[in-house]
Structures are given as C-alpha cells and as structure tokens.
Amino acid sequence: SRMAEADRRVELARTELSLAQTFARVRAWVAFVELQAAFERVRIEEGALLIAQRVESASRERLKNGVAGEPDVAAAALEVASVRVGLQESRRLELLARASLRQVLDLPADEPIELEAALSDPAEAADETTLVQRAIDRRPELASVKARLALLETVETRLTREGFPRLSYNFGFDAAPASPVFGYAGLGLELPVQRNQGPRAVTRAQTETERVRLETEVRRVRRDVSATRQSLMSRLSQLSTLTRDAVPAAERNESLVEEGWKAGRFDIFRLTSA
C-alpha cells in the first residue's frame, strides 16, 4: 500500500506539471495572438496614414489652384497628425506585445522575434456536447483534482491497513541440566489496539472535500465551455458581417466621397469622416 501511495504521488506530480505546462502554453498562445493583432493594427494605421497624406497633398494642390481654402488644408493636416498619433500608439502596443512574448518565453530583452506562423481564419465551433466532453477529458485542472482524490483514497487504504493491531508470538523449550524440562508459548498484542484514527479522519475529510471540488470544477468547466462557445459564435457572426458587408461598403464610400470631394461636391470634413 505504501508503494501504491508513492505511485499516486508521482502521478499527482505529473498532473501538476502538466497543469503548469498547459498554463504556460496558453500564455504563450495569447501573447502570440496579441503580437499578431499588434502587427495588424500597425498595418491598418499605415494604410490610413497613406490615405490621409494623399488627401493632404490633394488639399494643398487644390489650394494652389484656388479651388479650396486654408480650412481644407488645415483639416487635412489635422487628420494626418491624428492618424500618426494612432500609428505611434499601435507601434507602442506592438512593443508591449513583443515584450510580453519574450517574458513568456523567457527570452533576453534584446532577443529579436520573427513570427513564422500566421493566424488563420477561425473555424466554426463544434457542438456544445462534444466540447464539454472534450474539456472534461482533457482539462489539466480536472486531472489534478482527480489525481489528488486518488492519492487520498490510497492514503486512507494504507492507514486502514496500518491500523490493524500488531500481534507477536513467542515460544521456547527449556531442558537445562538439573531442572525440570518444560516448554512455553506466548501471544503479544500492541496497545493501543485502534491506530491511525486521527489521520484517517483527516484523510476522509480531505477526500470528501476533493470530491466536492471535482463536482464543482466539472460544473464550472461546463459553464465556461458554454459561455465561451456562445461568445465565439457571436464574434464569428460579427466577423462575417464586417468582412462581407461593412469593410467593402466603407472602402466604396471612401472612394466615392474622395472622388466627389475632388469634383467639388463634398467638403473636406465629409471626406475626413469617410
């Protein structure tokens, strides 16, 4: 029973190591995604800056030709400055994301980071029942609770076996010269008869606590999976709407308003808004 208990302790240590490794992988993945998002923000701001600079250049050209006034040039210059501030902020967030990834990977502060992998389009989520069962089977925190529960059950078994009273026996034969010949036998019982009662009570209480914790963790995992799946489905719907409808419409609107502004049908404020 002591060997079985030692095996359970080894298994518990392995599950706790797996839990720590899983959390490390999660942190690394989150840092990777944040850095990819930072790259995307910088790219978007750089594109916006090119548009704003093009509008500013056109405003100055229109002013030179007497088609527009100083307010147009000032509004266009203000827009360029605003976009540049946004670009600087995006680059600052990129630096923070790089630092976060270095922290997770335990890299030196000056270690260059080049991401070879790229984010792909998110896939549709599986059905909730499949995801919940997968989480219950694979979540390391559940495995850790199960390992602690198995260890406590093994400890209680060992304490129970060690609680049996210790018996001893002895016997002998005496045939010394000039003495009567006789034999003897004896049985010994170690006191107290009941042993390990306190440790067994503590172990039973801890076992019951771990059972309740396991049930609570399973319910929490079910809630987490359900809520995360619903959030993912909502975000996928938003992504689809933005990609299919909003972004093309915004690009078309910006192009038409810029053409109308150059033709004198719209003012500069309508253009910068677009």
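Of the 274 residues in the protein chain, 27% are buried, where buried means under 20% relative accessible area, exposed over 50%, and partly exposed in between, with a 1.4 Å probe and protein chains only. This is a predicted model in which local features need pLDDT of at least 70 and side-chain atom pairs count only at pLDDT 80 or more, while totals for chains, interfaces and linings use all residues. Residues are numbered from 1 along each chain as its sequence is written, and side-chain values use heavy atoms, with hydrogens and water left out.

## Fold and dimensions

The protein chain contains six helices and two strands. Read from the N terminus, its elements follow the order α-α-α-α-β-β-α-α. Helices (H or I, at least four residues) and strands (E, at least two) are DSSP runs, numbered from the N terminus.

The radius of gyration of the protein chain is 37 Å, whereas a compact globule of 274 residues would have a value near 19 Å. This radius is taken over C-alpha atoms, and the globule rule is 2.2 Å times the number of residues to the power 0.38. The C-alpha trace spans about 145 × 45 × 30 Å along its principal axes. Among contacts between residues at least 6 apart in sequence, 73% join residues at least 24 apart; contact means heavy atoms within 4.5 Å.

## Surface and charge

## Selected residues

Arg158 belongs to helix α4 (residues 140-162) and counts as buried because its relative accessibility is 17%. Apart from neighbours within four places in sequence, Arg158 is in contact with Ser1, Arg2 and Glu5.

Ala74, in helix α2, counts as partly exposed because its relative accessibility is 47%. Ala74 and Glu259 are 185 residues apart in sequence, and their C-alpha atoms are 20 Å apart in space.

Asp106 is found in the loop between α2 (70-105) and α3 (128-138). Its relative accessible area is 70%, so Asp106 is exposed. The phi of Asp106 is near 60°, a positive value in a residue other than glycine. Most residues other than glycine have a negative phi.
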